[in-house]
Amino acid sequence: MAKGIIGDGDAATFNRDGFVLIRGMLDPEETALLGRAAREDRVLDEHSFGRADGEGGTVRLSLWNHPTETIYGMIARCESIVGSMEKLLGGEVYHYHSKMIMKDPLVGGAWAWHQDYGYWYHNAVLFPWMGSAYIAVDRATRENGCLQVIRGSHHAGRLDHVLTGEQAGADNERVNQMLKHLELVYVEMEPGDAIFFHSNMLHRSDQNKSRHPRWSMICTYNAARNDPYQESQHPRYTPLVKVPDAKIREFGLRRFAGGEREGVWLAAERDRDHTAQRLKK
Ligand SMILES: O=C(O)CCC(=O)C(=O)O
């Protein structure tokens, strides 16, 4: 069963560092079900799209706006993860989107330094009261392009972003200056570990030049009191119905017992995140 809502000490770490790493947020069975579901998911694969990384590679991901009646939806709605995010963002949250980052062996692209709020600011979101739960599906190491973060960088507030390849990249001069003062952390993770991070925390990752996949599922939330003032490609406030953690296993098992119609979850969604394209090169 998922680990439960994070403690006060974890919340203090998040506030100080902009992130907190929780080992074993999903248990081994839940993690294995998630990994198998994702890897065998034809719809997820067909729905995936690439984005040039500005370093000659391409990142591949699948993205959807609303949590669904699937193992992915149960993870995004479970009490442990949503309750933790509510603790971190100080009140009710709603699902902004989820994605699967498919960093494949030898070809998986890099992510440039960025803040997620550098994108979402352009979606009529007034405050950076947003965060993500980034769950390791595979082991993530320096060799296969694990997440890198700058500890405490969220305190700088939102930086300007420019187009890097097809991604929004944070102002390089600022990032380089920040790296002189703040610690660069390589977030090596075991499957089932989760890092909760603030939308203004700078992060990036290298290309995957190894023979090992590095897939991750990212569930992103916005504070309910931070309803975007205009429509965008991601949802405005939509009440999130939490589910007990036990639903993750139940829906994972149902998926392989043939109880879930293929395509049930993404059929209505063909979302692409074009926010970066609004930025200047
Ligand atoms: O998974 C990664 O390497 C980075 C993903 C990321 O930065 C993002 O989705 O905003």
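Me: How many of the 11 residues of β4 are buried?
Reply: A residue is buried if 20 or more other C-beta atoms, placed from the backbone, lie within 10 Å of its own; 12 or fewer make it exposed, and anything in between partly exposed. β4 is largely enclosed by the rest of the structure, because its buried residues number 10 of the 11.

Me: What kind of model is this?
Reply: Residues are numbered from 1 along each chain as its sequence is written. Local features need pLDDT of at least 70, side-chain atom pairs count only at pLDDT 80 or more, and totals for chains, interfaces and linings use all residues, since this is a predicted model.

Me: How many helices and strands does the protein have?
Reply: Helices (H or I, at least four residues) and strands (E, at least two) are DSSP runs, numbered from the N terminus. For the protein, the secondary structure comes to eight helices and 13 strands.

Me: Which strand pairs with β4 over 10 bridges?
Reply: Two strands pair if DSSP finds at least two bridges between them. Strand β3 (residues 58-64) runs antiparallel to β4, joined by four bridges. There, L63 has K99 of β4 as its bridge partner. The antiparallel pairing over 10 bridges is with β13.

Me: Which residue of β13 is the bridge partner of M102?
Reply: β4 covers residues 93-103, and β13 covers 214-223. The bridge partner of M102 in β13 is W215.

Me: Which residue of β12 is the bridge partner of V149?
Reply: Strand β7 (residues 147-150) and strand β12 (residues 203-205) run antiparallel, joined by three bridges. In β12, V149 has as its partner H203.

Me: Which elements give two or more residues to the shell around the ligand?
Reply: A residue is near a molecule if its C-beta atom, placed from the backbone, lies within 6 Å of it. Around the ligand are I101, W111, D116, L147, H203, S205, S216 and I218. The elements that give two or more of the shell residues are β12 and β13.

Me: How do the shell residues divide by type?
Reply: Ala, Val, Leu, Ile, Met, Phe, Trp, Tyr, Cys and Pro count as nonpolar; Asp, Glu, Lys and Arg as charged; the others, Gly among them, as polar. The shell around the ligand divides into four nonpolar, three polar and one charged.

Me: Is L106 buried or exposed?
Reply: L106 is in the loop between β4 and β5. Its phi is near 70 degrees, a positive value in a residue other than glycine. L106 has 12 C-beta neighbours inside 10 Å, so it counts as exposed.

Me: Where is A124?
Reply: A124 is not a glycine, yet has a positive phi of about 65 degrees. It counts as partly exposed because it has 14 C-beta neighbours inside 10 Å. Its place is in the loop between α6 (116-120) and β6 (130-136).

Me: What is the radius of gyration of the protein?
Reply: This radius is taken over C-alpha atoms, and the globule rule is 2.2 Å times the number of residues to the power 0.38. With 281 residues, a compact globule would have a value near 19 Å. The protein agrees with that, at 17 Å.
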